[in-house]
Structures are given as structure tokens and as C-alpha cells.
Amino acid sequence: MDSAGEVVNDGKITLEGFTVAARAFADKWKRHNLSFPPWSWVPLINRTMLKKEEGYLSLEKIIILSSLEGSAEEESLDVTADWSEKEESVDLTVLVQNVEDEAHYYDYHIVYSASYMVPMLYFRGYSSDGKPLSLDVIKRDLPSSSVSLLLESKWTFITQEEHPYLNRPWFKLHPCGTEEWIKLLSESSSSDGCQIPVELYLVSWFSVVGQVVGLKIPREMLI
Amino acid sequence: MAANEEAVKYVWEGAIPLQIHLHKSEVASHPAPPPALVLAPRIGYLPLLVSLIKPYFKDSLPPGEDSIWFDYKGVPLKWYIPTGVLFDLLCAEPERPWNLTIHFRGYPSNVLIPCEGEDSAKWNFVNSLKEAAYIINGNCKNVMNMSQSDQEDLWTSVMNGDLDAYTRLLPKLKMGNIEDKFSRKADLSSPKSRQGGTEIDVTEQVVKTARIPVRLYVRSVNKDFENLEDVPEIDTWDEISYLNRPVEFLREKGKCYFTLRDAIESLLPEYSGDRAQTSGEEEADGSQETRGEIKLVRIQGIELKLDIPFSWVVNNLMNPEFYLHISVLVIGPQR
């Protein structure tokens, strides 16, 4: 079923749908994913575009602690972000485990691709002095399961591209066939074979994509 | 409207005369080398010119490894944008020759994605082609199914500006015909369509919206101007809004053609409406907001009248990767 033309029934989503789905995703995340700061909606307003309803989701300054030898045994990352529950501002106090650990900071943006009609995950990593991390270093921060996924699979890979709005190089995760596995997700999760409601689109999408970069979402968000 | 052979040939032969200066911090010889003069194909890319330019400067370079990049008046140039588009966008008043600076050191990797010469340019081309294919056909199977050697040949034809070779390879690409989706909708309203041999699938008129790959570059200035030479210079890319968004062709009742104006306004709705009205509207809080105005639209170096049918523009002026690149200069809405 096509609710007001937001989610097209072959796993893609419209621009309007993305805006709705983004809000729903950010709300659920805030309620159920308390170990992380909330996502913010960044509207696209600049001198030429007054479209306040267009924008992207941003989650920034996520600290990933990893020992320099790599964390081959760990399935999930030791992720932490020191943030105050009272305020929105993030205080970057680093929890140092031992002298070999180095704090890496990550920013994640979920941006809509009008060409492919699906969301795309952009991310970048940097050290505490602001220097960008190379992809090799970033891969060492990822859970070993996702690194092998990236290396072996033909359906997901990371490339360095210009951020669609920020005029800076970011890394982009390309899950090929996004619309196909979203379709599979919706077919398996609903009894009457209907597609995913727009409010759950990004939750479903992120439940897969987030894992590649080591971000898991709690089950409660999927309801 | 089908592509006009002569128009496409004109586009492929378009070139920008460049005068390339070595950045003064990299001049290690005395006297400094004179600038290199190069004719750059509009549909080509700057990294493809390096083999022509480097011989001029190799004796003047300091020791070390090359990481090549270009700038125009201090603005680092995005190497993956076709040269002609860079020129149309960054030079309001066309500068001939176009004076650029080449650097062999100090790549600004905080602002420019890395470039490994021709390979990067090729990767960018194939990726854009896949994206365009996805927009036009709903999938990129046609590109994926092309053999490696055919893909190579297609890229080579673009690198060499060889339109004949490119045209011979097009049937192997099997890109959907953009024109069909336009003309079908137009034909269905004309009495002629009921005669003649061509079969038109009537159900098509209900279902499909054509999607056209477009890359829109919008440069906004604050004040109106009389002459293009009065337009201030660009300082950073942040002054340009980039929209990589397909135009959806919708046929409205009573309209024969979807014009270039219709296409641009669908991407920039804040510039639609009565263009003659540039005076402000009262906002609720009493402040006045002036509507923006489109001053100039350039495609392949041509300043186009906005009433031209969009299908003609697409079929004749698109780049080899099937993208239509549109540079727009606007007077931004005042706030």
C-alpha cells in the first residue's frame, strides 16, 4: 500500500517519505537508544534553497575507542559518547582504557539520494586533533564481522566521495540493491505482505546498514 | 525531439582555451616557465589534460611526488565536473583564454576528493553513467551488462572526443530512449497519432513519468547587475548550490511542451511564478521578502531561452554520461 505516495512499493522511498521516515527514526532512536546522543535533522537552507522540509539526519562526535592492535574478538564496538541528559551539547570527555587506546571520532549523516530513491549513509572519522582518518584506519575500528562483509560482498562497499551538500570529502556506504533487501525485509516482517509503513522505513534500513559501521539499534525500535 | 546530429557534433567539438600557470610556490627554475596553452574539450575533465601540460613544467618542479590539482582565482577546481561546466559556472563573463593555476604539490585533501589521474576520471564517468542509467531505466543493468572492453572503448571515445566511435558503441549500451517517453505523451494528444503505422501503447500514458538525469549548479548573487562583468568573483564552492536531482517530466493538460523553464522551476520552486514580479511580498511579520530571479541559464556554453522544449535540450546538449549539466545564475531572494 502506498501511503500518500511516500513509500513506493518496490523498496524505494520518495523525498517526502524520507522526511517523514527521518523524523520517526530520530524519535524512536531518542526513546530507545539511550546509550547514544540523538540524531538531529539538518534542514537544507541556504541562499538559494528555501526548502525547509528538505534535509538530512546527522549524528556527530561519536567516540569509538579501539586499541591500536585491533579488536578482532569483539562483535560490537566499545562505543561511547559522553553527553549530558540535561542538555543538547556534547562534552567530549574521553574514557581512556589504557595508554595504547586512541580516541577516534565519527560523524554520520543519512542523506536522501534522489537518483536511487533510497537513503545513503555518509560518514567520516577523525582523531582528537581533527585530522581525518584514512579508510584503513576506519576499517580497524569496525567490528570484524563487518570488515569481512565489506571485503567479501559484492553488495556493499565504501567509497570516498564529496558530501552532497558540504563540499568536503566524506565516505559513503553503497549498499547495492538497497531497494531489494528493503523489499525482502518488508515481505518477511508483515503477515499480509504489505510493504513497510513509512515510519519504519529508516529503522529497517538502518537495522542493516548501521551494522556495517558498527552501530546497532535496539529491537524496540523495530516495533 | 530526437537528437540533431549537427547539434551533438557541435557539443562534442566544443572546447575552452586554457592558459595554465604553474603556482609560484612550485617554480624551482629561473626564469619561471611561461604558461601552457591548452585547448580543453568541454565534455572532458581536467585530469585528462595533465599529460599535455606536464611537459611544459617538469623541469621547473621542486623534487618530490606529484599530486596534481588546479585552481581558478584561489578556488580549487573539482576535477570530476566536466571542464565546460566549470567554465560556464565560475566565469560569469567568459574569460578567453581561461587562466588557471596548476599545482603539483600540496593537494587540498580536506576539500577535494583524491584524484589518481585518468583512472579516477574514468571511475567517475562510469559511476555517473550508472546513476544516469538508473534514473532513466530504473536499474543500471545496461551498464553492468556491458563487457569490460566495450566499457573501456566507450570511455576511450570520450577521452579522445571521438563522437563517431561513441555513436558506434551506443547500441551496446542499450540506454533507454529518453525521447520516447516525451514524444509518446505529446503524440497522444495530436490527431496524427491515430493515423500512421507506429503503435503507441495507450496504457503508457497513465503510468510512466520520465526521469531525466540533471545536475544543477546554482550560483546566487545578492544584487542585480547590468553586465556579466559586474558579477563578483567566487571565493569558495560554498557559494554554489549543487543539486544532483532528476527532473520528472510531467505533462500538464493543455500544454504541448515541457519547457526548460518548467524543468528548472521543478528543481527550484522558489524561482517559479511570475518572473516579472521581483518586488517583495509582505511577510507575516512585516518584513519584505524579494522573490528570486533567474538571470542566466547556461548549458554547454550556450545561454538558452527558457521556452525551448526540454526534450530538445536533453537530447542535444547532454554530456556523454547522459547527464544534463545546467549552470544557473540567480539573484537570490533577499532576507
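This is a predicted model: local features need pLDDT of at least 70, side-chain atom pairs count only at pLDDT 80 or more; totals for chains, interfaces and linings use all residues.
Over which residues of chain A does pLDDT stay under 50? Let's start there, and then move on to the sheets and helices of chain B.

View 1. The stretch in question is residues 68-100 of chain A, where pLDDT stays under 50. For this stretch the model has 52 contacts beyond four places in sequence. Strand E3 (residues 79-80) of chain A has the lowest confidence in the chain, with a mean of 46. At the other end of the scale is strand E5 (residues 118-127) of chain A, where confidence is highest, at 94. Taken over the whole of chain A, pLDDT averages 76, and 68% of the residues score at least 70.

**View 2. The make-up of chain A.** Here you can pick out five helices and seven strands. Following the sequence, they come in the pattern α-β-β-β-β-β-α-α-β-β-α-α. Chain A has 223 residues, of which 51% are buried. Of the contacts in chain A with a separation of 6 or more, 58% are between residues 24 or more positions apart.

**View 3. An open sheet of five strands in chain B, in the order E2-E1-E5-E3-E4.** The pairing in this sheet is mixed. Strands E2 (36-41) and E4 (75-76) of chain B stand at the edges with a single partner strand each, so each has one side without a neighbour in the sheet. Strand E5 (residues 98-103) of chain B has five of its six residues buried, so the rest of the structure largely encloses it. Strand E1 (residues 15-22) of chain B pairs with E5(B) in the parallel sense, over five bridges. One place to look is B:Leu22, whose bridge partner in E5(B) is B:Ile102. Strand E3 (residues 69-72) of chain B runs antiparallel to E5(B), joined to it by three bridges. There, B:Trp69 has B:His103 of E5(B) as its bridge partner. E3(B) also pairs with E4(B), in the antiparallel sense and over two bridges, and B:Tyr72 stands opposite B:Val75 of E4(B).

View 4. Helix H2 (residues 50-57) of chain B lies across E1, E2, E3 and E5 of chain B. The direction of H2(B) is at about 175° to E2(B). Helix H3 (residues 83-90) of chain B likewise lies across E1, E2, E3 and E5 of chain B, running at about 120° to E5(B).

View 5. UniProt, in an unreviewed entry, lists residues 118-174 of chain B as "domain: Autophagy protein ATG5 alpha-helical bundle region". In the model, residues 118-174 of chain B are 82% helix and 0% strand, with the end C-alpha atoms 25 Å apart. Look next at helix H6 (residues 148-159) and helix H7 (residues 163-173) of chain B, whose axes come within 9 Å and cross at roughly 145°. The crossing of H6(B) and H7(B) is left-handed. Among the residues that make the contact are B:Leu154 and B:Val158 of H6(B), along with B:Tyr166 and B:Leu169 of H7(B).

**View 6. Another open sheet of chain B, with five strands in the order E8-E7-E14-E12-E13.** The pairing is again mixed. Strand E8 (240-244) and E13 of chain B are the edge strands; each has a single partner strand, so one side of each is left without a neighbour in the sheet. Strand E7 (residues 214-221) of chain B runs parallel to E14(B), with eight bridges joining them. In this pairing, B:Arg215 stands opposite B:His325 of E14(B). Helix H10 (residues 260-267) of chain B packs on the sheet and touches E7, E8, E12 and E14 of chain B. The direction of H10(B) makes about 115° with that of E12(B).

**View 7. Strand E12 of chain B and its two partners.** Strand E12 (residues 293-299) of chain B is mostly covered, with five of its seven residues buried. E12(B) pairs in the antiparallel sense with strand E14 (residues 324-331) of chain B, over five bridges. B:Arg298 is a handy landmark: it stands opposite B:Ser327 in E14(B), and its bridge partner in E13(B) is B:Glu303. Strand E13 (residues 302-303) of chain B runs antiparallel to E12(B), and two bridges join them. E12(B) and E13(B) form a hairpin with two residues between them. In the turn, B:Gln300 has a positive phi of about 50°.

Key:
Residues are numbered from 1 along each chain as its sequence is written. Chains are lettered from A and ligands numbered from 1 in the order in which they are written. Side-chain values use heavy atoms; hydrogens and water are left out. UniProt positions are given in the numbering used here, feature names are shortened, and annotations may be inferred rather than shown by experiment. Helices (H or I, at least four residues) and strands (E, at least two) are DSSP runs, numbered from the N terminus. pLDDT is the predictor's confidence in each residue, from 0 to 100. Contact means heavy atoms within 4.5 Å. Buried means under 20% relative accessible area, exposed over 50%, partly exposed in between (1.4 Å probe, protein chains only). Two strands pair if DSSP finds at least two bridges between them. Axes are lines fitted to C-alpha atoms, for helices over the stretch in contact, and angles run from 0 to 180 degrees between N-to-C directions. A crossing is left-handed if the near helix is turned anticlockwise from the far one by less than a right angle, and right-handed if clockwise.
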